[in-house]
Amino acid sequence: MNLFEEGLEFNFAELLEIIIGKGLKIALLVIALLIITPIGKKIISKAIAKASNKEKISEGRIKTLDKLLVNVYTYTLTFIFIVMLFGVFDLDLGPLLAAAGVVGLAIGFGAQGLVSDIVTGFFLLLERQIEVDEYVTAGGFNGIVEEVGLRTTKIRSFDGTLNFVPNRDVAGVSNHSRGTMRALVDIGISYDDNIDQAMQVLQKVCDEFKDDERFVDGPDVLGVQSFGSSEVVLRILGRTENMLQWSAERDMRKRIKEVFDEAGIEIPFPHQVNISKDA
Amino acid sequence: MNLFEEGLEFNFAELLEIIIGKGLKIALLVIALLIITPIGKKIISKAIAKASNKEKISEGRIKTLDKLLVNVYTYTLTFIFIVMLFGVFDLDLGPLLAAAGVVGLAIGFGAQGLVSDIVTGFFLLLERQIEVDEYVTAGGFNGIVEEVGLRTTKIRSFDGTLNFVPNRDVAGVSNHSRGTMRALVDIGISYDDNIDQAMQVLQKVCDEFKDDERFVDGPDVLGVQSFGSSEVVLRILGRTENMLQWSAERDMRKRIKEVFDEAGIEIPFPHQVNISKDA
Amino acid sequence: MNLFEEGLEFNFAELLEIIIGKGLKIALLVIALLIITPIGKKIISKAIAKASNKEKISEGRIKTLDKLLVNVYTYTLTFIFIVMLFGVFDLDLGPLLAAAGVVGLAIGFGAQGLVSDIVTGFFLLLERQIEVDEYVTAGGFNGIVEEVGLRTTKIRSFDGTLNFVPNRDVAGVSNHSRGTMRALVDIGISYDDNIDQAMQVLQKVCDEFKDDERFVDGPDVLGVQSFGSSEVVLRILGRTENMLQWSAERDMRKRIKEVFDEAGIEIPFPHQVNISKDA
Amino acid sequence: MNLFEEGLEFNFAELLEIIIGKGLKIALLVIALLIITPIGKKIISKAIAKASNKEKISEGRIKTLDKLLVNVYTYTLTFIFIVMLFGVFDLDLGPLLAAAGVVGLAIGFGAQGLVSDIVTGFFLLLERQIEVDEYVTAGGFNGIVEEVGLRTTKIRSFDGTLNFVPNRDVAGVSNHSRGTMRALVDIGISYDDNIDQAMQVLQKVCDEFKDDERFVDGPDVLGVQSFGSSEVVLRILGRTENMLQWSAERDMRKRIKEVFDEAGIEIPFPHQVNISKDA
Amino acid sequence: MNLFEEGLEFNFAELLEIIIGKGLKIALLVIALLIITPIGKKIISKAIAKASNKEKISEGRIKTLDKLLVNVYTYTLTFIFIVMLFGVFDLDLGPLLAAAGVVGLAIGFGAQGLVSDIVTGFFLLLERQIEVDEYVTAGGFNGIVEEVGLRTTKIRSFDGTLNFVPNRDVAGVSNHSRGTMRALVDIGISYDDNIDQAMQVLQKVCDEFKDDERFVDGPDVLGVQSFGSSEVVLRILGRTENMLQWSAERDMRKRIKEVFDEAGIEIPFPHQVNISKDA
Amino acid sequence: MNLFEEGLEFNFAELLEIIIGKGLKIALLVIALLIITPIGKKIISKAIAKASNKEKISEGRIKTLDKLLVNVYTYTLTFIFIVMLFGVFDLDLGPLLAAAGVVGLAIGFGAQGLVSDIVTGFFLLLERQIEVDEYVTAGGFNGIVEEVGLRTTKIRSFDGTLNFVPNRDVAGVSNHSRGTMRALVDIGISYDDNIDQAMQVLQKVCDEFKDDERFVDGPDVLGVQSFGSSEVVLRILGRTENMLQWSAERDMRKRIKEVFDEAGIEIPFPHQVNISKDA
Amino acid sequence: MNLFEEGLEFNFAELLEIIIGKGLKIALLVIALLIITPIGKKIISKAIAKASNKEKISEGRIKTLDKLLVNVYTYTLTFIFIVMLFGVFDLDLGPLLAAAGVVGLAIGFGAQGLVSDIVTGFFLLLERQIEVDEYVTAGGFNGIVEEVGLRTTKIRSFDGTLNFVPNRDVAGVSNHSRGTMRALVDIGISYDDNIDQAMQVLQKVCDEFKDDERFVDGPDVLGVQSFGSSEVVLRILGRTENMLQWSAERDMRKRIKEVFDEAGIEIPFPHQVNISKDA
C-alpha cells in the first residue's frame, strides 16, 4: 500500500511537472498562432494588392484571389495547430499520418488533374490572360469566354455550344481580343494577266478602304506571294479594329471582284494542258 | 518468491497507472469523435446546400452528393479512430501501415484512373456541366446524355449506340444544349454571276425565314466568305432555338435552291480550263 | 554464481510477465480476427447482393464477384494478422517490410497495367457495361464479345479474328447492342432535278418500308442535307431493331435505285465544267 | 580490477542470456522457413496445375511457369530469411535497406518496361492468348509467331522480317488463327446495270463456291452496300477455313470477272460528266 | 513533500542544464545563419555576374535573376532556421512535416507543370534564347515575342492574336531573328524549254538582285531541283538581312515572271496526256 | 576527482567491451564479404556461360556482359560494406541516406531514360536480337547496324546517315537479316485483257526465275489480288536469299514488261468515262 | 547546493567524455574526407582520360567533362560532410531533411526535364555523337550544329533559323556528316519506251559522272524500281563525298534531261484514258 501510495505521490509530482510543461508548450503554440496568423494575412493581401497594381485587375477578382489565398492559409495553419496539439498530448499521430498520407498520395495521383486545374486557374485569374467576353482559343476550343473559374473556363463557341474547358488545358491560350487584327486577302490572277496592272488595281481598292474606320493600318498590296499551279497569287494585308477583320475582309473581297470585273482581270479556274494521244 | 511478488505488486501499481492513462486517452478520443462527427456532417450539408443554391441543383442530385461526402467523411473518421485506438493499446501499427501503405500505393498507380473518374464525376454532378437528355460531345463521343454517374457517363449516340464514357474523359465537355444554336449555310455562286444580285436574292430568302419561330436571331447574308477554285462562296448566318438548327438549315437550303432556280443563279460545278496541245 | 542465479531468477519473473503480456496481445488479436472476418464477409455479400439487385446481374456473375472480393479480403486479413503476430514476438518486421515494400513499389510501376485491368474489369462485370454476344467497340477493336474476364475481354471481329483486349482499354466502350439502331441513307440527286419531286418519291419508298418489321420508327425523308460539288444530297432516317440496320439500309438503297430509275431521277456522276483554251 | 571483473561477469551472464534469446529466435526463423517453403511450393504447383487444366496448356509450358514461380518464391523467402537473420544479430539493416530501396526505386523507374514485359508475358503463357505458328497482329507488327518468351515475342512478318516485340506491346493482341475467317468481295457495277440481274449472276458464282471445301459458311450476296461516285457496290460474304480466305477471295474475284464478262455486266471505270463552256 | 521538493530541485538543476544546452544550440544556429546568409548571397551574385559576362545579358535581366535567386535562397534559409529552432524546443515537427510533405507531394504532382515552367523560364532568361521583339516559333505558336516571364512567354502572332505560352512549351524554340535568312524561290519550267537558257535567264535576274542591299549573300541559281509531273523545277537561293527574306522573295518572283515573259519561257500548267477510247 | 576517475575506469571497462563488440561485428562483416564476393562472381560467370551456351554468343560479347555484371556486383557489395561499417561506428547514416536517397530519386526521374537504355541494351546483347552488319528497323530508323552498345545502337541508313538510337527505342526491333525474304510484284492488267492468258504469261516469267539462284522458293502467280479503279491487279510471290529481294524484284519487273509487250498485254493507264453535257 | 554541484561535476565529467567522443568522431570524419577527396578526383580524371583515349575527344571537351564531374563530386562530398557534422552535434537534421527532401522531390518532378537534358548532354559530349559544324537531324530540327551544351544544343537550320534544342530531344540523333552520302535519282520513262535502251543511255550518263571527284562510288543504273500509273520508274544510285550529294544529283538530273532529249526518250506526263459516253 505504502509502495502504491508512493507511486501515486511520485506520479502526482511528475504529473504536475508534465502539466506545467504541456501548458507551457500549448501556450507557446497559441502565441505563435496568434502572431503568425495576422502577419500572414497581411502579407497575402499586400502581395495581391501589389500584383493587382501591376496588372490592373478588377476589384472583384482581387477579392476572389484574396479570399482563396486567405482560406488556404487559414486551413493550413489550423491543420498544423491541431497536429501539434495532438503531438503535445502524446496521441501518437505518426502512423496515422503515414497511413493518411499514403492514401492521400494514392488519391493525389488521381486528383493531380484537379490540382493542376486550380494552379493554372489561379494564374489565369492573377495574370489576366483571359477575360470574360474575349475571343480566345484554348485546349482545342475557340469562342467567347463566358466565365473564368478556378477549375474550369466556360467558352461559348460560335455555333452556340457551351464548352467546359479544364483550366489545365487553358495553359497555352491564344487571346484574339488583345489588339488590332490582321485582314489578309490572297487573290489569284491569271498567268496571262499583267502583274503590275493587277497590283495597281488592287492598290486602288486598298486606298478606298484606307478611310474605312475599321482599318487601323490601311490595307496594302504586298506583292507576288507565290506561283500557284494555275494562278499568280497576290497578297493584300491590313490591320483592323479587333473583331472587325472578317467583315473588312468580306467587303474587300466583294469590292476586288467588282473592280477586277471592270478591269477585265480574271480570277482563273484550275488549268490543265491536255495532250491528246491515240490509244 | 518475495522478489517475484514484489515484481507483480509493482506491476499491479504500474498497470493501474497505465489503465488510468489509457482510459483517459480513450475517453479523450471518444469525446473528440463525438464532437467532430456531427460538426463535420453539418459543414458538409451546409456547403452542399450553399453550392446547390448557387447552381440550382435538383434535390435528388443534392442527396447523392451529400450521401457520398458523408460516407467518405464517416469512413475516414472511423478509420482514424481505429488506428488511434490501436495506438493506445501499443499494438504497433507502424510497420503494418507502412506495408499496407506501400501496397496501397502500388495499387494506387493502377487505380488512379478510377480516382480520377470519381473526382471529375463529383464536379460534373456539382457544377451541372451536363444533364440527362442534353446533347453533348465528350471524350470523342457525342450524343444524348442518358445518365451521369460518379464513375461513368452514358451517352447515347445518334446511331443508337450506348457509349460508356469514363468521367476522366468528360473533363473538357462541349454541351450543345445550353442556348441558341447557329444556323449557317455556305452557298457557292458562279464567278460570272453578279454578287450583289445573289446577295439580294439570298437576303429575301432570309427575310422569309425571319418569321420562322425556329429562328431566334433571323438569318442574314454576311457577304463574300471566300473565293473558291470554281465559285464565290456567300455565307448566311442565323441563330435558332436549340436542336432546331439542322431542320432550319435543311429548309433554307431547299428554299435557296428554288429561289436560285427562279432567279437563274447557278450553283457551279467544279471548273477547269483545258488547253489542248498536240503530243 | 549467486549474482548469475539472481539474474536468471529475475529473468524468469520478467519472462513470465512478458509471456502473460504477449499471450494477452495474441488473444486480443485472435479475438479481433474472429470478430472482424465474418462481419467483413457479410458486408461484402450484402453489398454485392444490393448492387446486383439494382443492376440485375446474373447469378454466375455475382458468385464471381463475391468470390473475388472475399478472397482479397481474406488474404488481406491474414497478411495483417501475420504481421501483427510477428510484431508481438519482436521479430522486427519494419526494415523487412520497407525492403519488400520498395521492391513491391518498383514492381508496382511495371504492374500498374495489370492492376488497372482488374479494377476496370471489376466494374465491367458489376455495371454490366458489356455482355457476351453483344456487338461493341472498345480499344480500337470492334466485334462480338466472346468473354468478359477480370483481366482481358475477348472480342471476335467480323473477319473472324479473336482479339484479346486488356480491360484498361475497354474503359470507354461503345455498346451497339443496347437499343434500336439508326438506318441512314444519304442519296445524291442532280442539281437539275426537282427537289420536291425527289423527296416525294423517296417518301413513298419510306412509306413502303414503314410496315417492314425491321423498322421500329419508320424511315422518313429529312430534307436537303448538303450541297455537294455535283449533287444535292437528300437524307433518309429511320430506326430499326438492333443489328438489322444494315440489311434494312441495303434493301432501301436497292429500292430507291429502282424507284429513281422509274421516276427518271438521276444519281449524278461527278460533274466538271470544261473551258477550252488554245495553248 | 574487481569492478572490471564484475562488469565482465555481469556481461557473461547477459551474454548467455542474449545468446539463448538469439538462438531461440534463429531456431524459430529456421522452423518457420522449413514449414513455409514446401507449403508455398505445393500451393504454386497446384495453382498452376489447376489453371492448366482449365486452359489445357502443354506440359512444357506448365514446367516453365512452375519453374519461374518457384524461383521467384524461393528467392523471396531466402531474401526475407537473410534480412531477419541480420536483424537478430543487431546488424542494423534499416538505413542500408532504405538506401538500397531508394536506389532500387530509381532503377525501378527505368526498368518498369522490363517488369511490365514479364507480367504480360506470364499471362500470355498462362492464358494461351497466342501460340507458336499462329498468325497474329500485336504491337503494330503482324505475322506468324515464332516464339513466345517471358520478355519478348518473336513474330515473323510475311516479308521475312523477324520482329522482336516486347510483351508489353502484345497486350491487346489480335489472333487471326482462332476460328473460321471471313471472305469478303466488294464489287462495283454500273449505275446503268440492272441490280437484280447482277445479284442473280453473283449468287450463281456464290453457289458454285458453296461446294468448295475451303468455305465453311457458303458465300452469299448481301445486297447493295453503298452508292459509289461511279458505281453501285454489291457485297459478297462467306466464311472459310482459317488462312484460306485470301485464296478463296482471289478465286472468287477471278470467277466473278469471267461471269460478268459473259453476262455483259460492266465493272465501271470512274465516271465524270463534262460540261463544255467557252472561255 | 520532501520528495516532491527534491524532485523540483532536481528539476531546477536539470532545467538549468537544459536551458544552457538549448541556449548554446540556438546560439550555434544563429551564428551559422549569420555566417551562411551573406556568403550565399555573394556566391549567387558572383555566379550571375559571371554568367552574364559570358552571355552579355542586359542589366535589368541580371537584376531579375539575382532577385529571384536571392529570394529563393533567403526563404529556404529562413525555413530551415525555423524548423531547427522548433527542433531545439522539442516541438516535434516530424509528423507535421511528414503530413505536410505528403500533401505537398500530392500537390507537387499537380503543380509540376508550374515548376517546369519556372525552371525553363529561368534558363530562357539566363541563356538569352529569346528576346523581346524577336520572331520565334515555340510550342506550336509563332510570332513576335512581347514578353519573357518566369512562367509564361507572350508571343504576338502575325494575325494579331496574343498567345500566352507556358515556358515548358518553349523548351525547343526556333529563333528566326539570329542571323541572315534564306531567300528561296523554286520555279517550274516546261519540259520543252531549254534548261540551260532558263538557268542563264534566272542567273541574270539573280545578278540584278546581287546589288540589292537586302541580300547579304547574292541569290544564285542552284540547278535542277527535281522533275515534277509537269515541270522541271529550278531552284534559286540567296541570303538576306533578317526579316527581309519575304519581300526579297516577292520581288524576285515578280521579276522572274517579267523576264520569263520577255524570254518566252513558260511556267507550265499541270499537264495530262489523254488517250481517247470508245466505250 | 575520485568520482571522475571512477567514471573513466567504468568508461574504460565499457570501452573495452564496446571495442570487443565492434571488433566482432567488423570481423563478421569482413568474413561475410570474403565469403559472398567470390560466390557471387562465380554465379554471375556461370549464369552468363549458361545463357551464352543456349544463345551461342561470341566470346567478346560474353566478356562485355561478364565485366558489366561483375562491376555492378562489386560496387554494390562495396557500398553495402561501407554503409554497414559506418553503422557499426554509430556515425548515423540514416538522415544522410534519406537525403541522398531523395535527391537520388529526383535525379532518378530524369535519368530513367538512361537506366531504361542500359536494361534494354543488356538484353539486346544477351539475346542477340541484333548483330553488327544486320539490316534492321528500330525506333523509326532503318539501316545497317554498325555497333550495339549498352546505351545506344548505331544504325547506318542507306543514304549514309549515321543514326544514334537510344536502346530504349530499340525495344521492338524488326530484323530484316534473319532468313529468306519475300519478293512481291503486283502488276495491273486491263479489264479488257483475258485474266487466264495474263496469268499464264506471268507464270512463264516466274518459271524462268525459278532457276535463278537468288530465289529460294520460286516465284509464282497467286491470282487476282484486287479490282483497281482502272486495272485488275495480279500478284506474284516468291522467296529469295536475304538482301537479294530488291534486285530480284527489279529484274522480274523488267522481264514482265518485256513479255507483256510481246504478248500484247497492256499495263493500263488510269481510265475515266467522260459523259459530255451541254452547259 | 551540494547536490547541484555534484550534478555539475558529474556533468563536467560527462561533458569531457562527450567532447572527447565528438572530437574523435569529427577527426574520423575529417580524415575520411581528406582521404576520399583526392582519390575520387583521381578516379574521375583517369576514367575520363581512359574514355577520351578510346573516343579521341578534343582537349577542351575533356576539360569540360572533368570540371563538371569534379564539381558534382566535390559538392556531394561537402554536403555529406556537413550533414554528418550536424549529426555529430545532435542538431537533429532528420525532419529538416525529410521536409527538404519532399519539397525537393516535388521540384524534382518539375525539373526532371532539366536532369534528363544534362544526363543526355553528358553522353553527347563524351560519346562524340555530334560535333560543331556537322549536319544533323535531332528532335524534329535539322541543320548545322552551332554549339553542344550540357543543357541545349544549338542547331542552325538552312533557312537561317537558330534552334535551341533541349538535349533530351537529341537522344536519337541522325548525323549526316559521318561518311559518304547516297546520290539517288529516280527517273520515269514512258511505257512505250524501250527499257533496255533507256537503261543504256542512263548508264552512259552514269559513266560520265564516275570520274567526277564528288563521287566515291560511281553512280549506276539499278533497274526498274516500280511501275507508276503513267511511267516506268528507273533508279540510279551512287555514293558521294559528304554534303556534295545534292549538287551531284542536280547535275545528274540536268545531264539526264539533255541526254534523254538527244535520244528521244520522253519523261512522260500523267496519262489518262478517256472513254466518251453520251449523257
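**Close-up views of a predicted model**

**Figure 1. A salt bridge joins A:Glu134 and A:Arg178**. In this predicted model, the closest N and O atoms of the two residues are 2.8 Å apart. A:Glu134 lies in the loop between helix H3 (94–126) and strand S1 (135–138) of chain A, whereas A:Arg178 lies in the loop between strand S5 (173–175) and strand S6 (181–189) of that chain, so the pair ties together parts that are 44 residues apart in sequence. Both A:Glu134 and A:Arg178 are buried. Side chains of opposite charge can pair when their charged atoms come close.

**Figure 2. G:Asp186 and G:Arg235 form a salt bridge in chain G**. The closest N and O atoms of this pair are 2.9 Å apart. G:Asp186 counts as partly exposed because its relative accessibility is 34%, a value between the limits of 20% and 50%.

**Figure 3. A:Arg128 and A:Glu131 meet through their side chains**. The contact is a salt bridge with an N to O distance of 3.3 Å. A:Arg128 has a relative accessible area of 28% and is therefore partly exposed.

**Figure 4. A network of salt bridges includes residues of chains A and E**. The linked residues are A:Asp196, E:Glu208, E:Lys254, E:Arg255 and E:Glu258. Over all chains, the count of salt bridges comes to 113.

**Figure 5. F:Ser174 has a polar contact with D:Asn163**. The side chains of the two residues are joined at 2.5 Å. F:Ser174 is placed in strand S5 (residues 173–175) of chain F. Its relative accessibility is 7%, so F:Ser174 counts as buried. Apart from neighbours within four places in sequence, F:Ser174 is in contact with D:Phe141, D:Thr161, D:Leu162 and D:Asn163 of chain D, and with F:Tyr135, F:Val136 and F:Thr137 of chain F.

**Figure 6. Isoleucine residues of chain A make a nonpolar surface patch**. The patch, of about 460 Å², is made by A:Ile31, A:Ile35, A:Ile36, A:Ile39 and A:Ile43. A:Ile39 is found in helix H1 (residues 2–55) of chain A. With a relative accessibility of 46%, A:Ile39 counts as partly exposed.

**Figure 7. Chain A is assigned three domains**. Domain 1 comprises 10–57 + 72–91, domain 2 comprises 114–175, and domain 3 comprises 181–263. The C-alpha centres of domain 2 and domain 3 of chain A lie 34 Å apart.

Definitions and conventions:
Residues are numbered from 1 along each chain as its sequence is written. Chains are lettered from A and ligands numbered from 1 in the order in which they are written. This is a predicted model: local features need pLDDT of at least 70, side-chain atom pairs count only at pLDDT 80 or more; totals for chains, interfaces and linings use all residues. Side-chain values use heavy atoms; hydrogens and water are left out. Domain bounds come from an automatic or database domain assignment. Helices (H or I, at least four residues) and strands (E, at least two) are DSSP runs, numbered from the N terminus. Buried means under 20% relative accessible area, exposed over 50%, partly exposed in between (1.4 Å probe, protein chains only). A polar contact is a pair of N or O atoms within 3.5 Å; within protein, one must be able to donate a hydrogen and the other to accept it, and residues adjacent in sequence count only if both atoms are side-chain atoms. Contact means heavy atoms within 4.5 Å. Patches are made of residues with over 30% relative accessible area and no salt bridge: like charges are joined within 9 Å, nonpolar side chains (Val, Leu, Ile, Met, Phe, Trp, Tyr) within 5 Å. Accessible areas come from the Shrake-Rupley method with a 1.4 Å probe; for residues, only the protein chains shown count as cover. A salt bridge is a side-chain nitrogen of Lys or Arg within 4 Å of a carboxyl oxygen of Asp or Glu.
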